[in-house]
Amino acid sequence: MKLNRLYSFLKADIEEIEKELEVAIQSDSSLLQEASLHLLQAGGKRIRPVFVLLSAKYGDYDINVVKHAAVSLELMHMASLVHDDVIDDAELRRGKPTIKAQWDNRVAMYTGDYIFARALEYMTHIRVPEAHRILSHTLVELCKGEIAQIQDKYRYDQHLRDYLLRIKRKTALLIAVSCQLGAISSGAPEEVHKRLFNFGYNVGMSYQIIDDILDLTSTEKELGKPAGSDLWQGNITLPVLYAMDVPEVKGKIIRVREESSPEEIQSVIEAIRGTDAIERSYALSKRYLDRALEDLDHLPANKVKRTLKNIANYIGKRKY
Amino acid sequence: MKFIDCNHQANIIHQYVEEQLHHSYLKEYIDHPYIDRDRIHFLLLPFAEADGDISLEEVQWISTAMLLQIALDTHEKVTNSEFDPLKERQLTVLAGVYFSSLYYKILAETDEVDLIAILAKAIKEVNESKISIYKGDHADITALMKTLKKREASIISNFFAFMDDSRWEEVVSDVLVYKRLIQERSSLEETETTTFLQALAKVSLPSALRESGLLKKKSEGHRHLLSSLDRLIEGVKAAVHRNMEDGGLIAPNLKKIVLELLPYAEPREMTKLYAEEG
């Protein structure tokens, strides 16, 4: 089943968000617009807007208000992707050339900053100060997480808590905040938006762990980028950390460098797959997922709750 | 506000911005961001007639405009060169994003949603101008200068709009353009190319001259470009003087800053002569 089937009752509103995203990136500069559109049309799950809309259903739902938060969060995610591709010197994103590959680093930087500005402009339509305090705090944490990721590259003596803090900042917080801001923008009670934040956080942690597993178990075609990219770039993910419990495998892993050949990387991937690291990673992902489902137990039973539950389960089982 | 008080306020803002910029890991790899004191003074202009110190909230407003400028300047350092060290490039990208997220965080904490919006508009305008200069899509020098003015002055102009005080906009914009042109001139003299110099060459020199090598000192292209820059500098300088003479509202501290800046780049005799010869 496709993810979007799970929330088909939001179809009209999702289409509205998609149209609004195209409006948001319109610019006096044709190149900025073209580059932004290039990224927008590469697709993506739009999981953040979906969480915003679903969470907003717990309050006084008005698509004309809520769409500003939904569009803003997707644009912020897009801006971070454009910048990340410069950071990672990435050629492909979702199987298409990145902005920096299609044009160059400078165009990517201008486009990323432009999209970020548009995200903020959209967000300022939400006139709830708390929403801005939460989102801005998250953005700062996100940056700190990215900086820490650079700092931790090829650092093989790190611990599980380093990894968890990193993925919290890198992925989980923005999903958590998407859920919370949806609820805040529709005036849902504090107890509900805090619960939704926890739900989003746990789903986000589970999601990122699975992403990190797939980096080692999927094909280049499925990923839209070379398999093992994280490992190659020195990002120590959960399966890699677990695999290092096996001394012979650790010996192979710690030799990975930027200069390693594709064959060497493939050999390390196979060594990791030969341990129980993938299985243990799935188990931790499932623990976060279970916590997310527990969070939902505290929310009123309705169609939205069922949908959030289905999305969480879908994420737990996704294969690419 | 007396000039001495303005200086004191500028110190407070400078210090506040310094504290925000501090990041122990970033400072190991990237140059310490440049805090332009003149910009702080310009941002203080709407408060020039106030008695006493400005409030902490106002310090934060001005500091966020500074942080944003620094964030965009930091991203301008990301080049297309394959020879830039990878880690420096990565951290330069992240530093810019970090500084701009601080602007949002500080304003969100003071509940100043309107200023968040108006400065976001400024980021948008600056990046539209930057990409336009980078692609060199200007019909003539006038159009290029208009874009340059937007690139240099959007943040301050939008801040003035937030303060509902447009008295200083024209003269400050011109002074910022003037400062930029002086920097561009230095780059050219040091045979460094910039996106602006390339755009200027495109609208002011015939292609044969551009191809002769703009960065080779004493080449015809180089001399022509230097002469174009000097004419632009003189033009902007004259506009600033006119503005200062016409506007009776020029604050003493602004006048002092401007007068200190303006004589800085008298064109050298050689390029002056060259300009006259056409």
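Reader: How many aromatic pairs does a search of the whole structure find, and what makes two rings a pair?

Author: The search finds six aromatic pairs over all chains. Rings of Phe, Tyr and Trp (its six-membered ring) pair if their centres lie within 6.5 Å; planes under 30 degrees apart count as stacked, over 60 as edge-to-face and the rest as tilted. This is a predicted model, in which local features need pLDDT of at least 70 and side-chain atom pairs count only at pLDDT 80 or more, while totals for chains, interfaces and linings use all residues. Side-chain values use heavy atoms, without hydrogens and water.

Reader: Why is the pair of B:W61 and B:F162 called edge-to-face?

Author: The ring centres of B:W61 and B:F162 are 5.2 Å apart and the planes stand at 85 degrees, so the pair is edge-to-face. B:W61 belongs to helix α4 (residues 56-76) of chain B and B:F162 to helix α7 (residues 141-162) of chain B; the pair, 101 residues apart, links distant parts of the chain. Helices (H or I, at least four residues) and strands (E, at least two) are DSSP runs, numbered from the N terminus.

Reader: Which residues form one aromatic cluster with B:W61?

Author: The cluster consists of B:W61, B:F159 and B:F162.

Reader: Why is B:W61 called buried?

Author: Buried means under 20% relative accessible area, exposed over 50%, and partly exposed in between (1.4 Å probe, protein chains only). B:W61 has a relative accessible area of 11%, and therefore B:W61 is buried.

Reader: What makes the pair of B:Y98 and B:F99 tilted?

Author: The centres of the rings of B:Y98 and B:F99 lie 6.0 Å apart and the planes meet at 50 degrees, so this pair is tilted. B:Y98 is buried, because its relative accessible area is 6%. B:F99 has a value of 1% and is therefore buried.

Reader: How do you know that the charged end of A:R291 sits over the ring of A:Y288?

Author: A charge sits over a ring if NZ of Lys or CZ of Arg is within 6 Å of the ring centre and within 35 degrees of the ring normal. The charged end of A:R291 is 4.8 Å from the centre of the ring of A:Y288. A:K57 lies over the face of A:Y61, at 3.8 Å from the ring centre.

Reader: How do you know that the radius of gyration of chain A agrees with that of a compact globule?

Author: The radius of gyration is taken over C-alpha atoms, and the globule rule is 2.2 Å times the number of residues to the power 0.38. For 320 residues, a compact globule would have a radius near 20 Å; chain A has 20 Å, so the value agrees. The C-alpha trace of chain A spans about 55 × 50 × 35 Å along its principal axes. Chain A has 16 helices and two strands, and buried residues make up 60% of its 320 residues.

Definitions and conventions
Residues are numbered from 1 along each chain as its sequence is written. Chains are lettered from A and ligands numbered from 1 in the order in which they are written.
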